[in-house]
Structures are given as structure tokens and as C-alpha cells.
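Dear colleague,

I am handing over the structure below, together with a short account of what was found in it. Please keep it open beside this message as you read.

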Amino acid sequence: MADSLLGPCLTKTLPLHFTKIPSSFFPTRTTTPSMAAIPSPNPNYCSRSSNSSPSPSQPSLLVFSGGTAFNGVVEELKSFTNRVAHVLPVSDDGGSTAEIVRVLGGPAVGDIRSRCLRLSDQSTCEALAVRSLLGHRLPFDPREAKLEWYDIVEGAHVLWKDVSKPYRETIRAFLVYFQNQILQRSDESFCFSNGSIGNFFFAGARIFFQSLDAAIFLFSRVSDIPSESLILPVISTNDRLTLGCELWDGTIIRGQNEISHPTKGSLEPINKARSLVPGLPSRIKRVFYMSSEGQNLLHEVFPAANPAVLEQLNNVDCIVYAMGSLFTSVCPSLVLIGVGEIISSRSCPKVLLLNGTHDRETSGFSASCFATAITDALNRTYGDHKNSLKNLPSQYVNTLLVPKDGEIPVDIQRLAAQGIFDVITVNSIHDQKVGIMFDPESLIEALADVIGRYRSKNVRVA
């Protein structure tokens with residue numbers, strides 16, 4: 001019974017018109033949601049200001065990243081350009097994302113939700129209220145988390161205070177739909193501990209539309225993300241994806257969380273501090289995708305890259321490999337067929353942002369090791385040899401930005417042997433939890449200078 005698993009059945013306490021979401025409220029399932037499907041905010045209620053269109057002269061970037069490390073510079077990046085395609089993996093299997101995938105299936109949306117929130121509008125009190133709601137996490141205590149979730153989904157929580165009726169009804173309807181999906185899985189007990197309201201909204205939208213792209217569209221509209229800023233899952237799918245890795249000693253590890261920062265339980269808070277994470281028995285050779293129940297190389301699968309990602313790669317002014325978890329945040333987007341082919345063919349800045357500290361995945365790495373790992377991923381060196389490439393590191397990386405006083409040794413001679421000569425040191429800051437990291441303003445200034453130099457050179461040549 002749903003009551004015994006989740007407490008009093010939610011549909012008994014919701015207003016009647018929410019016990020079953022009216023089909024007229026949504027666009028039809030067979031089409032992508034139209035702009036008209038998203039309600040416009042009340043102009044007299046703490047109105048949300050639309051983001052102004054970016055200047056055509058703004059450069060366009062594509063950034064390969066995960067959902068954490070690059071978030072710290074997203075605000076500063078907005079001051080330089082809004083024309084950014086954020087390419088994110090959909091294989092995260094930790095925290096509340098893991099619980100959603102366990103019970104409801106589908107791709108992981110945690111990294112996408114995290115980036116959407118960073119890009120969301122903050123110019124009005126309603127925009128801030130929507131951001132606070134979708135960025136809210138429930139308590140760790142399972143019972144307290146469930147009770148707070150009921151308050152939110154019933155519309156009684158203080159987080160709804162500054163959200164106008166059109167936005168309240170839109171967001172709440174998808175939260176109710178998410179809850180109804182859980183109740184229909186009466187054989188699975190869903191744990192709301194540390195759950196992300198944004199993840200729940202995302203999951204409800206994805207399941208309703210049966211489309212990850214449509215869910216991203218909805219979230220982007222509700223959060224008022226600049227229209228020129230694209231959030232692109234590297235694989236557009238409605239299925240669960242599992243990341244695997246092969247170590248040099250032959251060990252196979254299943255699951256992004258197990259590779260990067262293993263925890264004792266799926267809902268345990270993730271702590272990436274190196275002192276708390278045991279080292280790997282051997283360095284990582286490669287990452288790859290596995291079937292959801294797979295345990296070894298025999299279960300490797302080869303999903304197709306999102307066509308929208310390939311289209312953006314063909315047209316952007318600059319390609320960026322962001323700092324963060326190299327093998328579990330960046331490389332999952334690089335190993336797909338078509339990605340290496342396009343990047344190697346482009347004549348544009350291809351910028352690697354070097355980490356400021358080592359982590360479990362890159363212990364003992366130098367700067368050239370990062371370049372080698374990216375090259376191997378894009379070449380698919382250790383995968384199916386029929387689909388491997390033999391491009392040089394310099395065809396994928398031509399500029400390296402390094403945080404000042406970082407831990408990673410910058411081996412200039414080896415980088416030069418790889419054909420990477422443009423190495424730039426950028427001011428850094430020290431974070432007590434993370435260690436050395438880029439100063440956001442200095443990083444964006446350096447990136448702007450790299451793009452500017454390239455543009456100037458091309459103009460002179462022309």
C-alpha cells in the first residue's frame with residue numbers, strides 16, 4: 001500500500017483539481033512544449049524581467065563540464081557572453097539523483113539541474129523565489145524530509161511565498177506528477193532524504209513529456225535562463241545510463257559515484273575531500289558506457305551523441321574543457337563517436353582549464369597527463385579499434401590555462417612535445433574545502449584574451 005510506504009497518501013490531502021493533473025494544463029505529449037505552454041508571470045507581481053538578447057559580437061563557447069566545479073565561474077562568464085553551450089553528462093548516480101533513477105529510471109539530471117540553477121535569473125524577487133524553491137534540498141532525516149516534501153507539494157511551504165500563481169501552478173503540477181509516479185510504484189519505497197526539489201521537478205517533467213530535452217526546455221523557461229545559453233545533455237535519452245571505467249591493472253569499476261567519490265550508501269552526502277576518499281588501486285585507462293545491469297567489458301554499450309552537441313561543436317568560436325572531475329565529468333562527453341572527429345577538424349581556440357588540486361581520479365598527474373587523457377578519450381584509443389582515431393593532442397588542445405600556485409605540475413617540455421605551447425597562468429584563490437581554484441574574474445579575462453587574440457589573428461590573415 002502506498003500509505004504504509006510513504007505516510008498518508010498525498011492525493012487525499014491535495015486540492016481536488018491536483019489529484020489528477022488536467023490534460024489541458026499541459027501541451028500534448030506528442031509535441032515539444034510550445035512557448036505558450038509556459039505561463040507568463042503577472043507583470044504586477046514582483047515581475048520577472050526577461051534577459052536581454054546578447055550582442056551578435058559576443059563570442060560563442062561550448063563548455064564540457066560536470067555539475068560542480070565550473071559552476072563557480074558561470075556568473076562571471078555571463079558578463080563576457082551569454083552565447084554558451086553547456087554540455088553535461090547524464091550518468092551521475094550519487095545522492096538524490098540515484099534515488100530517482102533507482103525508483104523511476106531514466107537519465108541522471110543532477111548536473112543539468114545544477115547548471116540550470118546557476119544560469120537562472122536573479123533580477124527580481126520572484127526570480128529569486130523560484131531559484132530558491134528549485135535549489136532547495138530536503139533535510140537528511142528521512143521522516144523530516146518526507147514531511148517537508150508534503151508541505152512543498154501541497155503548496156503550504158514558505159518557499160512559495162513570492163512565487164506568483166502562474167509559476168506556482170506550473171511548478172507544483174510537475175511536482176505532483178512526480179509524486180504520483182512514486183505512488184504508482186507501490187513496490188518501491190522512495191527516500192526523500194536530502195532530495196533536491198529541482199531534481200524532482202525535472203524528473204516529473206521528463207517522465208510526463210517522455211523527453212529529456214523537453215524537460216530542459218521547461219526548466220529553462222521557468223528559471224528564465226538567457227535564450228542564447230544552451231543546456232545540452234551530451235546524450236539525449238530517456239533511458240538510464242551507467243558509466244564504467246577500466247583501470248590499467250584491468251579492474252572494472254561500475255558507476256560514476258564509485259569511480260569518483262565512493263560512499264557507503266546511495267543517499268550518503270558526497271564529500272570529495274581527498275583525505276576522505278580512498279585512492280584507486282591503479283590509474284584510470286578509460287571510461288565507457290555500460291548497460292544498466294552490466295558488470296564488465298562484455299556489457300559495454302555505445303550511445304549516440306546528442307545531435308545538438310555536434311551541431312554546436314561545428315559552429316562555436318571556442319571549445320573549453322572545464323576543470324573538475326576529469327574522467328567522470330569531462331571524458332564521458334568526449335568518448336562518443338563524432339565528438340573527436342569534429343573537434344580535431346576545427347580551427348579555433350581549444351582551451352583546457354587545469355585543476356588546481358589532485359583528486360582521486362588524477363592522483364599523480366601532471367598537466368601533460370590531462371592533455372593525454374583528453375586525447376585518448378576523443379580518439380577512443382582504448383575502445384573499439386574500428387572506431388578509434390589517431391589525432392595528436394594539439395588537434396584537441398591548443399591552449400592551457402593554469403591556476404597560479406596549483407598542485408598540478410606544469411611540465412612545459414612535455415606539453416611542447418605534444419604541440420601545446422600556449423600555457424597561461426591565471427590568478428587563483430584558495431578555498432578551505434576545495435583548495436586552489438581559479439579566480440573567476442581572472443579566468444574569464446584570460447579566456448576573453450585567448451579568444452580575442454585568435455579573432456585578431458584571423459582578421460589580419462583575412
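A residue is called buried here when its relative accessible area is under 20%, and exposed when that area is over 50%. Cysteine 348 has a relative accessible area of 3%, so cysteine 348 is buried. Please bear in mind that this is a predicted model.

The cysteines come first. A disulfide is a covalent bond between the sulfur atoms of two cysteines, and the structure holds zero disulfides. Cysteine 348 takes part in none, since the nearest cysteine sulfur, which belongs to cysteine 318, lies 6.5 Å away, whereas a disulfide would need the two sulfur atoms within 2.5 Å. Cysteine 116 also counts as buried, because its relative accessibility is 0%.

Next comes helix 6, which spans residues 125-134 and in which Glu126, Ala127, Ala129, Val130, Leu133 and Leu134 are buried. These residues lie on the same side of helix 6, because they cover an arc of only 160 degrees around the axis. Among the elements that cover the buried residues of helix 6 are helix 5 (110-119), helix 7 (142-153), helix 8 (165-184), helix 9 (197-209) and helix 10 (212-222).

Finally, there is a pair of strands: strand 10 (residues 399-403) and strand 11 (residues 422-426) run parallel and are joined by five bridges. Leucine 401 has isoleucine 424 in strand 11 as its bridge partner. Between strand 10 and strand 11 the chain passes through helix 16 (residues 412-417), and this β-α-β crossover is right-handed.

With kind regards

Note on methods: Residues numbered from 1 in each chain as written. Predicted model: local features only at pLDDT ≥ 70, side-chain atom pairs only at ≥ 80, totals over all residues. Heavy atoms only, no water. Buried < 20%, exposed > 50% of the residue type's maximum accessible area, 1.4 Å probe, protein only. Helix = DSSP H or I, 4+ residues; strand = E, 2+ residues; numbered from the N terminus. Arc of directions from axis to C-beta. Contact = heavy atoms within 4.5 Å. Pairing = 2+ DSSP bridges. Right-handed = clockwise from strand over helix to strand, strands pointing away.
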